[in-house]
Amino acid sequence: MILIITIKDDIHAVTIRNTLKGKGYDDCHIIECDQLTTTNRVMWRNVNNEENAYLYTSDGISINVKEADLIWWRRVRADQQFEFEMENDHQVKLINNDCRGSLGGILESAFTGKWISAPSATDKAANKIYQLSVARKCGFRIPDTLISQSQNEVQEFIDSQKGKVIVKPVVGAAGPLMFTTFMDDARKTDPASFRVCPAVYQEYIEGTKHIRLNCFGNKSYAAIIETEELDWRPNLNVPIKKWDVPDSLHKKIRKVLDHLGLAMGILDLKITPEGEYVWLEVNPQGQFLFLEPLAQMPLASIFSDYLLDEASGKELKVLDNAELLMGENIS
Ligand SMILES: Nc1ncnc2c1ncn2[C@@H]1O[C@H](COP(=O)(O)OP(=O)(O)O)[C@@H](O)[C@H]1O
Ligand SMILES: [Mg+2]
C-alpha cells in the first residue's frame, strides 16, 4: 500500500495515483493533511499494550497504517481548511497544532515502511542555508552568498561582487511566487526593508542554461531551460529540452541528497558558459510534472514506477500514459 500525504487537490498526488491506477495498481491512497478537521480524521489507540493506527483517505476509506509499504511525504505544512468560522485565534492554533501533531505522531509511531522522504530530513533539508553548506562540502560550486539584515553589509557584498548580485527569499511563503531579482545598489532601498527579515544575497551566476533536475532514488531526469531571464519561472515560453544527466553529476547530487537524508529531490542548477555546474537549491518536494508537456518527459509514469519500485523492491517497466499537467507554483 502506498500513502500520499499532501494537501487537498494536489495535482501531483492525484496524477500519480491515477497513473498508478492506469498501471493496474489500486492500493495508492491520498491523505489530505489540511482536511483532518473536516473529513480525513485520524485515530491512534494504545490499549493493553496493543497499538493501532488508522487514517481516513480522501475517498473516505479507513486504512490501517501498519499495512502501508511506502509514504510519499509530499505537501504537509498546510493549516487546516475550516468549514466554519472559528471564534478566536487560539482555537485555530490549537486545531492546527493538534491535527498536525496527531498525523505526524501516528505515522512516526505506526508506520514501518519506506519514507519518500523522512519528515525530519525533509524539514531540515528545506532550509536553503543548510543545503548550500552541505552542497559545498560535497564538492559543488555554490554562488558566493550573504544572508543578512543590514543595508551596509549588503552594499559591501555588492561592491565585492562588482555589482552583479541577486536577492531571493531564504524560505519564502505560501502565496504569490517571489522571483529572484538583481540588486545593484543597496542604498536605493530603505534600511528598514533589509532589517525586517534576512534574505539571500548572492553572486550572479552567468549564463542562459538553467537546469531543473529530478532525482528519484538512483536516477536523475533533467531538462535544460534556455533563457536570457535571470529567473526562468515567469516565462516558460522558451526552449525547454530533456537533458541526459551525466553520471558524474548524478553521483555528486546523490551524495548531497544522502547527506541530507533525502530519498528524492527537485533541484535548480545553472551551467556557466565554461560548462561548470553551480548548485542553487534542492526542493525536497518540488514540482516536476510541468516538465512532462514542456520537455516531453513521461515523468508521471517514471515517478509512479519509482514509488512502486521502492514500495515493493521489484523492477517495473516505464509506460507513458501519464496525464499532462501544468500551472502549479514552482519554487
Ligand atoms: N545566484 C544566482 N545566479 C543566477 N541565477 C539565479 C541565482 N539564484 C537563483 N537564480 C535563478 O532564479 C531561479 C530561482 O532561484 P532558486 O535558487 O531556485 O530559489 P527559489 O526557487 O526558492 O526562489 C533559479 O532557478 C535561477 O533561474
Ligand atoms: Mg527553485
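Author: What follows is a set of questions and answers on this predicted model.

Reader: What is the strand order of the open sheet of three strands?

Author: The pairing in this open sheet is antiparallel. Strand 3 (42-47) and strand 5 (62-64) stand at the edges, each with a single partner strand, so one side of each has no neighbour in the sheet. The order is therefore 3-4-5.

Reader: By what angle are neighbouring strands of this sheet turned against each other on average?

Author: The sheet in question has three strands. Direction is ignored for this angle. The average is 20°.

Reader: What distance separates the centres of domain 1 and domain 2?

Author: The domain assignment gives domain 1 as 2-117 and domain 2 as 144-203. Their centres are taken over C-alpha atoms. The separation is 38 Å.

Reader: Which residues of strand 10 and strand 11 are the bridge partners of Ile166?

Author: Strand 9 (residues 165-168) runs antiparallel to strand 11 (residues 199-203), with four bridges. Strand 9 also runs antiparallel to strand 10 (residues 181-182), with two bridges. In strand 10 the partner of Ile166 is Phe182, and in strand 11 it is Gln202.

Reader: Is helix 4 oblique or parallel to helix 7?

Author: Helix 4 (residues 128-137) and helix 7 (residues 247-260) pack with their axes 9 Å apart. The angle is about 130°. Angles over 145 degrees would count as roughly antiparallel, and 65 to 115 as roughly perpendicular. Helix 4 is therefore placed in the remaining class relative to helix 7: oblique.

Reader: How many nonpolar, polar and charged residues are in the contact of helix 4 with helix 7?

Author: Helix 4 contributes Gln131, Val134 and Ala135. Helix 7 contributes Val256, His259 and Leu260. By class these are four nonpolar, two polar and no charged.

Reader: How do the directions of helix 1 and helix 9 relate, and what word describes them?

Author: The axes of helix 1 and helix 9 (residues 299-312) come within 9 Å. They cross at roughly 75°. The range 65 to 115 degrees applies, so the two helices are roughly perpendicular.

Reader: Which residues of helix 1 make the contact with helix 9?

Author: On the helix 9 side are Ala300, Ser301, Phe303, Ser304 and Leu307. The contact has five nonpolar, four polar and no charged residues. On the helix 1 side are Thr15, Ile16, Thr19 and Leu20.

Reader: Which residue has a positive phi of about 60° although it is not a glycine?

Author: Look in the loop between strand 1 (2-6) and helix 1 (11-22). The residue placed there with this phi is Asp9.

Methods: Residues are numbered from 1 along each chain as its sequence is written. Chains are lettered from A and ligands numbered from 1 in the order in which they are written. This is a predicted model: local features need pLDDT of at least 70, side-chain atom pairs count only at pLDDT 80 or more; totals for chains, interfaces and linings use all residues. Two strands pair if DSSP finds at least two bridges between them. Axes are lines fitted to C-alpha atoms, for helices over the stretch in contact, and angles run from 0 to 180 degrees between N-to-C directions. Domain bounds come from an automatic or database domain assignment. Angles under 35 degrees count as roughly parallel, over 145 as roughly antiparallel, 65 to 115 as roughly perpendicular and the rest as oblique. Two residues are in contact if their C-beta atoms, placed from the backbone, lie within 7 Å. Ala, Val, Leu, Ile, Met, Phe, Trp, Tyr, Cys and Pro count as nonpolar, Asp, Glu, Lys and Arg as charged, and the others, Gly among them, as polar.
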